[in-house]
Amino acid sequence: MTERTAPPEVLFYEQGASWWWLLAGPASAIAMGLIQHSAGYGVQLFIPGMFLVLVGGFLGIQVKAARIHTSVELTPETLRQGTETIRISDIVKVYPPATGAEEQKWQSARALGELTGVPRGRTGIGLKLTNDRTAQAWARRHAELRALLTRLVDENTP
């Protein structure tokens, strides 16, 4: 008999992007059909069909990429940012939020995940990691993630 372990409890989750953006494909097709009809060309499905396929296809690729690379998941043991996962035990300290015009040292640290920086629309959270490393976690709901990370790090620090 094999034992099944329950999946870890998810304390915080952001999906990255919404599939609702795909509705722009049909909306652009309908708009092109209405433009053609109002211009007196009648109903020609080729151009609206092309808009449906092209806009929907490109947005589908973008949404899928955003759901992979800009999603965030926090469990009691791990923090996943995009495709990078770090253990909570590797986090030594959560830096306080940046205030004022002066840039904090952690704001120039690398962002977690495989992206070159903090994704647009997200706010960085400074982390001091083991071996004197510094990194930035990030989230849209950054205050909630910061509070949860601080609590977890304080619980794991002797």
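I take helices (H or I, at least four residues) and strands (E, at least two) as DSSP runs, numbered from the N terminus. This is a predicted model, in which local features need pLDDT of at least 70 and side-chain atom pairs count only at pLDDT 80 or more, while totals for chains, interfaces and linings use all residues. Residues are numbered from 1 along each chain as its sequence is written, and side-chain values use heavy atoms, with hydrogens and water left out.

**Entry: Arg122**

I began with Arg122, which I found in the loop between strand 6 (110-111) and strand 7. Is Arg122 buried or exposed? Arg122 is buried; my cut-offs for relative accessible area are under 20% for buried, over 50% for exposed and partly exposed in between (1.4 Å probe, protein chains only). I looked for a salt bridge, meaning a side-chain nitrogen of Lys or Arg within 4 Å of a carboxyl oxygen of Asp or Glu. Arg122 has none, and the nearest side chain of opposite charge, Glu14, is 4.8 Å away. For charge, I count Lys and Arg as positive and Asp and Glu as negative, leaving out His and the chain ends.

What does the side chain of Arg122 reach instead? I noted the backbone oxygen of Gly16 at 3.1 Å and the backbone oxygen of Arg120 at 3.0 Å. Setting aside residues up to four places away in sequence, Arg122 touches Gly16, Thr70, Trp138, Ala139 and Arg140, where contact means heavy atoms within 4.5 Å.

**Entry: salt bridges**

I then counted salt bridges and got 4. Among them, Asp90 pairs with Arg87 at 3.2 Å, N to O, and Asp90 counts as buried because its relative accessibility is 18%. Glu144 pairs with Arg141 at 2.9 Å between the closest N and O atoms; Glu144 is partly exposed at 37%, and so is Arg141 at 38%. Glu155 pairs with Arg151 at 3.2 Å. Those two are 4 residues apart in helix 3 (residues 142-156), so about one helical turn separates them. Glu155 is exposed at 51%, whereas Arg151 is partly exposed at 38%.

Helix 3 has 15 residues and spans 21 Å from first C-alpha to last, close to the expected 21 Å (1.5 Å times one less than its number of residues). Its buried residues are Leu145, Arg146, Leu148, Leu149, Leu152 and Val153. Strand 2, strand 5 and strand 7 are among the elements covering them.

I define a nonpolar core as buried Ala, Val, Leu, Ile, Met, Phe, Trp, Tyr and Cys residues joined through side-chain atoms within 4.5 Å. The largest one has 22 residues, and Leu74, Leu127 and Leu149 are among those with the most contacts inside it. Which element gives the largest share of this core? Helix 3 does, with 5 residues. Beyond four places in sequence, Leu149 touches residues including Leu79, Ile91 and Ala137.

**Entry: Leu112**

Last, I checked Leu112, in the loop between strand 6 and strand 7. Leu112 is buried, with a relative accessible area of 1%. Leu112 and Glu84 are 28 residues apart in sequence and 6.7 Å apart in space, C-alpha to C-alpha.

Key:
Polar contact = N/O pair within 3.5 Å; in protein donor to acceptor, adjacent residues only side chain to side chain.
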